[in-house]
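Dear colleague,

Please find below the structure for your review.

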Amino acid sequence: MTDTTGFALEAAAVGKRFGRRRGAGGWALRDCGFRLPAGRVCAVVGPNGAGKSTLLALAAGLLVPTEGRVTVLGTDPASARARVGFVAQDKPLYPHLTVAETLRMGADLNPDRWDAPTAERIVADGDLDPKTKIRALSGGQRTRVALALALAKRPELLLLDEPMADLDPLARHELMGVLMAQAAQYGTTIVMSSHVVAELEGSCDHLLLIGGGRVRLAGEIDELLEAHVRVSGLATSLDPHTVVESRTTGRQLSALIRPAGPLPEGLRTSAPSLEELVLSYLRNPQAPGTTPAEAASESEKAAL
């Protein structure tokens with residue numbers, strides 16, 4: 001089934017519950033709605049336990065929503081599985097196989113889409129001996145093999161759960177370059193969770209900020225940054241602007257806001273960085289978020 005919507009990943013009023021072990025009543029995600037256009041490189045950020053891994057597992061078809069709907073490449077996740085690559089946080093690989101046997105297995109499982117030169121190049125760039133068993137590899141080396149499998153599949157959508165956590169800075173930089181080349185050459189949509197926000201700023205063009213099991217910010221990074229401004233100056237009322245974070249020291253005010261019109265006179269303004277934007281929302285979980293899909297999500301929720 002060909003996607004004619006222009007969206008690689010969509011969520012409409014999605015919730016996922018794991019018994020009563022997590023969160024309020026066991027909900028890992030609740031009422032999540034967003035639309036990710038095809039061809040984007042999307043950063044999924046949020047604190048531990050926010051629901052990032054659950055969201056990626058739902059998109060990969062490894063979990064089924066308790067409520068709502070996930071759409072992948074215009075169809076359901078199970079039907080899209082052959083067109084999706086997924087690297088889980090624990091990088092599950094068969095420990096008794098060698099690197100070469102692992103790549104051959106990938107080729108056997110994906111006979112119509114397998115790009116052997118890409119897989120072999122990624123492994124060779126890490127100086128990995130193809131005869132080495134997976135159990136003998138370091139965490140970073142296993143990450144490299146897992147990424148080789150996922151990229152050689154030539155996926156239309158690539159889901160990466162903390163893919164760079166086990167890599168040293170040099171390997172991280174190199175493999176980020178490989179991912180960006182993949183996105184540029186093949187139009188691959190990449191969805192990547194990470195805690196290193198500053199590292200994502202130069203690579204990603206779309207943001208999903210998850211907190212408390214909900215999507216709090218979603219959209220193009222440039223547009224989200226343009227919609228916010230950091231202000232400072234003599235303390236004054238910030239009504240009717242949306243205040244994400246504010247501090248007052250004596251008579252001095254510093255705040256991150258979403259302006260709703262002209263600002264009070266005398267305030268100094270500056271543009272926030274992506275890291276400042278994300279941290280402000282994470283420090284203030286009650287600050288109202290914004291996603292372009294809110295209205296669409298609500299209408300689809302009513303139809304479910």
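Helices (H or I, at least four residues) and strands (E, at least two) are DSSP runs, numbered from the N terminus. The model is predicted, so local features need pLDDT of at least 70 and side-chain atom pairs count only at pLDDT 80 or more, while totals for chains, interfaces and linings use all residues. Residues are numbered from 1 along each chain as its sequence is written, and side-chain values use heavy atoms, with hydrogens and water left out.

The largest pocket holds about 640 Å³ of space. A pocket here is an open set of points on a 1 Å grid over the protein atoms alone, with protein on both sides within 12 Å along at least five of seven lines, and its lining residues have an atom within 4 Å of a point. The volume is the space filled by probe spheres (1.4 Å) set on the points. Of the 21 lining residues, F86, P92, L109, L149 and K153 are the closest to the centre. Strand β5 (84–87) and helices α2 (99–109) and α4 (139–152) each give two or more residues to the lining, and β5 provides the largest share, 4 residues.

An open, antiparallel sheet is formed by 4 strands in the order β11-β12-β10-β13; two strands pair if DSSP finds at least two bridges between them. Its edge strands, β11 (242–249) and β13 (268–270), each pair on one side only. Strand β11 pairs with β12 (252–258) over 7 bridges, and S254 in β12 is the bridge partner of R247.

Yours sincerely
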